[in-house]
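The following note sets out points for discussion on the structure shown below. Please read each point alongside the coordinates.

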Amino acid sequence: MAPDLRGYGLSDKPASGYDKRRMAADMAGLVEALGFASAAVVGHDRGARVGHRWALDRPEQVERLAVLDIVPTREMFRRLDASLASGYWHWLFQMQPDLPERLVGHDIRGYLEYFFERWTYNRHGLTPEAVDGYVRAFSRPGAMRASFDDYRAMEQDVALDDIDAAEGRRLTMPVLALWGSAGLPSRLPTLEIWREYAVDVTGAEIPECGHFIPEEQPEVMLAHLRPFLVGRTNR
């Protein structure tokens with residue numbers, strides 16, 4: 001199952017609720033509505049941040065967590081320097097009220113392609129058809145506003161993360177961290193960082209890969225994911 005998060009793809013785009021606790025509750029409710037008590041969770045980028053919060057808030061529901069090409073949101077702000085700021089500038093831009101919609105709204109394709117061109121090592125995975133799919137998704141009414149609201153919620157997200165850190169709360173289920181050798185997390189000691197946030201972490205850097213691991217190196221990604229997910233407990 002690969003659901004669209006609140007505000008993305010074919011999911012609704014409400015005016016609020018983009019903090020990761022609310023978005024994680026959406027996913028928890030979906031799993032319960034489908035009749036499952038728990039799930040193994042694999043998330044990429046924003047989905048991985050939702051997965052991280054889901055696993056913190058409802059550890060009994062997340063059997064295993066795989067996070068693709070991220071480090072925890074709190075850690076990004078703690079470590080922000082000139083090098084990271086040059087890569088994650090869009091975080092600060094997209095957190096601003098109203099301005100991103102005004103500047104991006106007239107050229108959604110151009111804005112998305114800026115990232116596709118700079119954040120990929122193996123561009124062949126992002127075919128013209130795949131790019132068209134992204135453009136269609138973000139051109140739906142409310143989609144760009146919702147995606148920016150996801151970033152605007154990061155102040156709330158970090159506040160929750162700070163509370164967890166102060167209380168010593170860490171992920172208790174097995175965690176797999178994967179990142180691209182040419183992705184932004186490669187600038188950081190990603191595996192060591194995740195080991196500060198979870199008690200059972202394995203991970204690997206995917207060679208010849210940028211940010212879009214599922215599109216750029218799907219077979220290598222699956223070679224890591226399959227043995228990790230085999231250890232799922234029976235539902």
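A residue is called buried when its relative accessible area is under 20%, exposed when that area is over 50%, and partly exposed in between. The model under discussion is predicted.

1. Overall architecture. The protein contains 13 helices together with four strands. Its radius of gyration is 17 Å, close to the 18 Å that the globule rule gives for 235 residues, so the protein is as compact as a globular protein of that length. Along the principal axes, the C-alpha atoms fill a box of roughly 45 × 40 × 35 Å.

2. Of the 235 residues in the protein, 50% are buried. Among contacts with a separation of 6 or more, 73% are between residues 24 or more positions apart.

3. Surface and charge. The side chains include 28 positive and 35 negative ones. How far apart do the centres of the two sets lie? The separation is 2 Å.

4. Aspartate 26 and arginine 6. The structure holds 21 salt bridges. One of them pairs aspartate 26 with arginine 6, with the closest N and O atoms 2.8 Å apart. Aspartate 26 belongs to helix H1 (residues 20–33), whereas arginine 6 is in the segment before H1, so this pair ties together parts that are 20 residues apart in sequence. Arginine 6 has a relative accessible area of 17% and is therefore buried.

5. Arginine 74 and aspartate 162. A salt bridge also links arginine 74 to aspartate 162, where the closest N and O atoms are 2.7 Å apart. Because arginine 74 lies in helix H3 (residues 73–78) and aspartate 162 in helix H10 (residues 154–166), the pair ties together parts that are 88 residues apart in sequence. Are the two partners buried or partly exposed? Arginine 74, at 15% relative accessibility, counts as buried, while aspartate 162, at 36%, counts as partly exposed.

6. Glutamate 117 and arginine 118. The side chains of glutamate 117 and arginine 118 form a salt bridge with an N to O distance of 3.7 Å. Glutamate 117 is partly exposed at 45% relative accessibility, and arginine 118 is partly exposed at 49%. Elsewhere, salt bridges with shared partners join Arg21, Arg53, Asp57, Asp161, Asp164, Glu167 and Arg169 into one network.

7. Aspartate 69. Attention is drawn to the backbone at aspartate 69, a residue other than glycine whose phi is positive, near 60°. Aspartate 69 is placed in the loop between strand E2 (62–68) and H3. Its relative accessibility is 3%, so aspartate 69 counts as buried.

8. Aspartate 98. A positive phi, near 70°, also occurs at aspartate 98, again in a residue other than glycine. Where is aspartate 98 placed? Aspartate 98 is in the loop between helix H5 (89–94) and helix H6 (99–104). With a relative accessibility of 60%, aspartate 98 counts as exposed, whereas aspartate 69 is buried.

Terms used. Residues are numbered from 1 along each chain as its sequence is written. This is a predicted model: local features need pLDDT of at least 70, side-chain atom pairs count only at pLDDT 80 or more; totals for chains, interfaces and linings use all residues. Side-chain values use heavy atoms; hydrogens and water are left out. A salt bridge is a side-chain nitrogen of Lys or Arg within 4 Å of a carboxyl oxygen of Asp or Glu. Helices (H or I, at least four residues) and strands (E, at least two) are DSSP runs, numbered from the N terminus. Buried means under 20% relative accessible area, exposed over 50%, partly exposed in between (1.4 Å probe, protein chains only). The radius of gyration is taken over C-alpha atoms; the globule rule is 2.2 Å times the number of residues to the power 0.38. Contact means heavy atoms within 4.5 Å. Lys and Arg count as positive and Asp and Glu as negative; His and the chain ends are not counted. The place of a charge is taken as NZ of Lys, CZ of Arg, CG of Asp or CD of Glu.
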